[in-house]
Amino acid sequence: MTDLSGNVLKTFSDYSEDPDLQFSLVELMPGSSWHGKSLAELRLPSGMATALILRRKEKLIPHGETILQAQSTLVFVDSGSLR
């Protein structure tokens, strides 16, 4: 989700006024088929990106090589403008 012409100083609250933007939380449970896979392996739908991973007390900025672990919470963002 890189837009070189965009304002990189935006925060989540800046996007909260965008009616097309939706955030989703997914908690990975033990035994999940996603456990041990990289984000790149998930093949998310067009327009969907992983915005943040919450792992215990850590907040991780995800990238394609991030390995998913059970008991992590993934924050996804989906926007019609990303499609």
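Strands S2 and S3 form a hairpin with two residues between them, and Arg-56 in the turn has a positive phi of about 55°. Strands are DSSP runs of E of at least two residues and helices are runs of H or I of at least four, both numbered from the N terminus. The structure is a predicted model, in which local features need pLDDT of at least 70 and side-chain atom pairs count only at pLDDT 80 or more, whereas totals for chains, interfaces and linings use all residues. Residues are numbered from 1 along each chain as its sequence is written, and side-chain values use heavy atoms, with hydrogens and water left out.

Leu-54 stands opposite Lys-59 in S3. Arg-56, in the loop between S2 and S3, adopts its positive phi although it is not a glycine. Arg-56 counts as exposed because its relative accessibility is 65%; the classes are buried under 20% relative accessible area, exposed over 50% and partly exposed in between, with a 1.4 Å probe and protein chains only.

Strands of a sheet pair through backbone hydrogen bonds, either parallel or antiparallel. S1 and S4 run antiparallel and are joined by seven bridges, and Gln-22 has Asp-78 in S4 as its bridge partner. S4 is also joined by seven bridges to S2 (residues 48-55), again in antiparallel orientation; Ala-49 stands opposite Val-77 in S4.

The chain as a whole contains two helices and four strands, which follow the pattern α-β-α-β-β-β along the sequence. Of its 83 residues, 28% count as buried. The chain exposes about 6200 Å², of which carbon and sulfur atoms supply 52%; accessible areas come from the Shrake-Rupley method with a 1.4 Å probe, and for residues only the protein chains shown count as cover. Among contacts between residues at least 6 apart in sequence, 69% join residues at least 24 apart, a contact being defined by heavy atoms within 4.5 Å.

The largest nonpolar core comprises eight residues, namely Leu-28, Leu-39, Leu-42, Ile-53, Leu-60, Leu-68, Leu-74 and Phe-76. Such a core is a set of buried Ala, Val, Leu, Ile, Met, Phe, Trp, Tyr and Cys residues joined through side-chain atoms within 4.5 Å. H2 and S4 are the elements that give two or more residues to this core. In soluble globular proteins, nonpolar side chains tend to be buried together. Phe-76 counts as buried because its relative accessibility is 4%. Leaving aside neighbours within four places in sequence, the contacts of Phe-76 include Gln-22, Phe-23, Ser-24, Val-26, Trp-34 and Leu-44.

A search of the whole structure finds one aromatic pair. The ring centres of Trp-34 and Phe-76 are 6.2 Å apart and their planes stand at 80°, so the pair is edge-to-face. Rings of Phe, Tyr and Trp (its six-membered ring) pair if their centres lie within 6.5 Å, with planes under 30 degrees apart counted as stacked, over 60 as edge-to-face and the rest as tilted. The pair links distant parts of the chain, 42 residues apart: Trp-34 lies in the loop between S1 (21-27) and H2 (39-42), and Phe-76 in S4 (residues 72-79). Trp-34 is partly exposed, with a relative accessible area of 26%.

The loop between S1 and H2 also holds Pro-30, which is exposed at a relative accessible area of 58%. Pro-30 and Ala-70 are 40 residues apart in sequence and 5.0 Å apart in space, C-alpha to C-alpha. Beyond neighbours within four places in sequence, Pro-30 is in contact with Ala-70 and Gln-71. Gln-71 is placed in the loop between S3 and S4 and has a phi near 65°, a positive value in a residue other than glycine. With a relative accessibility of 56%, Gln-71 counts as exposed.

Technical notes: Pairing = 2+ DSSP bridges.
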